Amino acid sequence: IISRPFFRSSASFLIAAFALCAAHSASAHAVWLEVSASKNLILRFGEGDEYEKSPGLLDNFALPVVVSSPKLEVEKKEDHFLLKGSEATQPAVVIATYNKVRKKEAKEGAPASASLTIFYARWFVPGTAAEPAADFDIVPAKEAGKATVYFQGKPLAGAKVRLKPAEGETVKLETDANGVITFTATAPGSYTLQANNPEKKAGTHQDVAYDTISHNVSVTWTQP
């Protein structure tokens, strides 16, 4: 038989552990745009081929906002966010804020920290010209195999970028002095570029203090 004080204490621990797990999931997961079976653009949150759902971690997001033109309405579904009226032939850029502030306890050589996670997702149409549209953005060039990483409107040198090609394993890349990466993208299929950039900036989100903003960006396209 579990005594009530122990039960309350255990319940509090479980709630805290779940909240910590939810916050850590944001750092391990990614957000990206893809084309649904109905040919609309949808925003996913997950890892690999596993997607988070509602009820669940998907509910920890504020409703994503489309910052590209046209400004499409977004609707939450069971395992994604739908960009209503979108098409695969239409570029899009979306910003999604994860409402759980991620907290890390102090460890030897590392102070305690708390970070707010913001995701940026771009859908690119090959052969089109694109400009940066969010604080953190990866902008592919019109020619295949080249992209520029921007942070707050300026090219970001030394950014670590991961390429998930249509075929083969993930490739690790790094931007040059001009924020540019080059890669091979000749095989037809889906490609994704992802990057992370922590910014030391203090603030509060939903009355919870943070000292860092974790910016996470992805760009996805289908190479014909």
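Trainee: Which residue in the turn of the hairpin formed by β15 and β16 has a positive phi?

Mentor: Good place to start! This is a predicted model, where local features need pLDDT of at least 70, side-chain atom pairs count only at pLDDT 80 or more, and totals for chains, interfaces and linings use all residues. Residues are numbered from 1 along each chain as its sequence is written, and side-chain values use heavy atoms, leaving out hydrogens and water. Strands here are DSSP runs of E with at least two residues, numbered from the N terminus. Two residues lie between β15 and β16, and the one with a positive phi, about 55 degrees, is Q206.

Trainee: Which residue of β16 is the bridge partner of A121?

Mentor: Strand β8 (residues 113–123) pairs with β16 in the parallel sense, over nine bridges. For A121, the partner in β16 is S218.

Trainee: How many of the 16 residues of β16 are buried?

Mentor: Buried means under 20% relative accessible area, with a 1.4 Å probe and protein chains only. Strand β16 (residues 208–223) is largely enclosed by the rest of the structure, because its buried residues number twelve.

Trainee: Which side chain does N99 join through a polar contact of 2.7 Å?

Mentor: N99 sits in strand β7 (residues 92–104) and is buried, at 17% relative accessible area. A polar contact is a pair of N or O atoms within 3.5 Å; within protein, one must be able to donate a hydrogen and the other to accept it, and residues adjacent in sequence count only if both atoms are side-chain atoms. The side chain that N99 meets this way belongs to H205.

Key: Buried < 20%, exposed > 50% of the residue type's maximum accessible area, 1.4 Å probe, protein only. Helix = DSSP H or I, 4+ residues; strand = E, 2+ residues; numbered from the N terminus. Pairing = 2+ DSSP bridges.
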